[in-house]
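Biologist: I am new to this structure. Please show me how to read its features one by one.

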Amino acid sequence: MINSNALRQGAWEFKLSLKNGEQFLLLVIIPVAVFLTLTQTAVIGGGKWDIAEALSVSITVSVLAAGFTSLAIATAFERRSGTLVTMGVTPISRVELVTGKTLSTVYLAAISALILGVVALVLGWRPTLSATLIPLILILGIASVTGFAFLLAGTVRAEAVLALANGIFVFAMIFGGIVFQYSGILGTVIELFPPAALSNCMSHALDSTPQDSLPLLVSIGVLLAWSVAGTLASAKFFKWR
Amino acid sequence: MSRESSAILAESLTLSYGPQRGIFDFSICVDQGITALAGNNGAGKTTLLECLSGLRSPQSGVVRIYGGDPQRDRRQVTQILGASLQDVTPYPTAKPRDLLKFLASLYPHPTAPDSLLDQFSIPPTTVIKTLSAGQVQRLKCAMALIGNPKVVLLDEPTAGLDPGARSDLYSILRGSAEGGVVMIVATHLTEDIDALADRAIVLAHGQLAADIWKTDIGTAEQLEFRARRDLPLDQLLNALPSACSAVSLSHDRYLVQSSDGIDSSIVATVASWCAQHGTEATEISIGRNTLSQEVLRNLNLMNQEIAHD
């Protein structure tokens, strides 16, 4: 429910995030570093990557960093400090609080994507009409993982969330079908999870050559399914203290 | 005013975590002033405040804040309710002024953040996690008052405050109460009770053990002293004039009350009786009966009953 309270909460969370050095590292430095490594070196894949392909990977990384890792850690520590309970006696409802946090995540990922887009333009990337799908895919990608970020933050101790959220992020980077592609059954299974599905959608939006739209629709379906599952699981199991 | 539209109403409230934990069949109605909520650790004070503020759902019973259910009518109730909780540090990476400005934006008629920062002497631009415990405590009280509430619930608001800050807080809270704000303040400190409260509710094992009004406690003169633990007060009573009564406030604190006043002969009797029992009466003070002494007397009676059981 996006109402005035959720928008205020989102703006407040966004302001707090901008002042946090770790967030800046996760949302700007790491994605830009990934982008430059892929496009300017032959460290991964034996050669320099196509700019659009590298941009798709980097935006996917920033969405996962903002929508999952960063959100889970921040929420877990707010739970530990009693911030969430404190907000429970203000006019902000729980739904508005969660919506506000998700909105802040969308703003952060959008900024990260914009910065990456500017770097890509400087390096010679020329967007096509399909790039207009990026905002929609970005929101869908965030929705597919925020539920699980809240689930982790609302059920596990803050220190464990710090370790788990970072561990899952690194695991997704390596085995999530974002940077490295896998074939066979393993590849098919990986594509049923949000990182690969999001990466596929981003590739589709950024690729200038015409593509079959069925894989895009399948990936969108995967992201929608995970969005619903994550929201339901966090609504059921999240503990506010 | 009907009970249903009272400022704070709890009827037959039960929320249990186990046989001796939680609150059980608790009822109270508060319509004005400041009410102190006293009780031993684990008596259920925090649980009660969390039920009244809508943070916890009671298993049975009714809670109303000016007629609204804190959970069902949350939007309406949170507009007129302010609360400060124990053991929380809100938004540790934020700055007090920014946090109060954000919170003020959520209420229809907020208090100006800068005036609260001034009143509570909170550094406006210091990151919250670097504030002292006392400053965080004051910030939490300011957060409770930011929405210009009609009802305020405070859990141990003076914990960690130095005497000066405590005295300032008393003035601010009394000022709010005189302006019509109805408050419940959970506290362990007798000083808080006497400085703030018009009424005290004593909780024991989640149940109402005593409901004491300042106006009802009388003005008998009394002598309070400290001596060896667990002295036999019935023997002291035999030595004192008939207008006197004697009770223990805690294991080593005692109170002698007299409707005829406390004179030097009573002081001498107490001192010699203590000497006969191999102890010395210290920290002797003479004054009028206070709300906190009535609370302590009730707590001590309760503890004795528990010990007998």
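Reading chain B

Modeller: Chain B holds ten helices and 13 strands, where helices (H or I, at least four residues) and strands (E, at least two) are DSSP runs numbered from the N terminus. Its radius of gyration is 22 Å, close to the 19 Å of the globule rule for 309 residues, so chain B is as compact as a globular protein of that length. That radius is taken over C-alpha atoms, and the globule rule is 2.2 Å times the number of residues to the power 0.38. This is a predicted model, in which local features need pLDDT of at least 70 and side-chain atom pairs count only at pLDDT 80 or more, while totals for chains, interfaces and linings use all residues. Residues are numbered from 1 along each chain as its sequence is written, and chains are lettered from A and ligands numbered from 1 in the order in which they are written.

Biologist: How is strand 1 of chain B paired with strand 2 of chain B, and over how many bridges?

Modeller: Strands of a sheet pair through backbone hydrogen bonds, either parallel or antiparallel. Here two strands count as paired if DSSP finds at least two bridges between them. Strand 1 (residues 8-18) and strand 2 (residues 21-30) of chain B are antiparallel, with seven bridges. Two residues form the hairpin between them, and Ile8(B) is opposite Val30(B).

Biologist: What is the order of strands in the open sheet of chain B?

Modeller: The order is 2-1-4, with antiparallel pairing. Strand 2 and strand 4 (60-65) of chain B are at the edges with a single partner strand each, so one side of each has no neighbour in the sheet. Strand 1 and strand 4 of chain B share five bridges, and Leu9(B) faces Arg64(B) there.

Biologist: Which residues of helix 3 of chain B are buried?

Modeller: A residue is buried if 20 or more other C-beta atoms lie within 10 Å of its own, exposed if 12 or fewer, and partly exposed in between, with C-beta atoms placed from the backbone. In helix 3 (residues 96-104) of chain B, these are Pro96(B), Leu99(B), Leu100(B), Phe102(B) and Leu103(B). They cover an arc of only 160 degrees around the axis, which puts them on the same side of the helix; the arc is that of the directions from the helix axis to the C-beta atoms.

Biologist: What covers the buried residues of helix 3 of chain B?

Modeller: The cover includes helix 1 (4-18) of chain A, and helix 4 (113-119) and helix 5 (133-145) of chain B. Contact requires C-beta atoms, placed from the backbone, within 7 Å.

Key:
Two residues are in contact if their C-beta atoms, placed from the backbone, lie within 7 Å.
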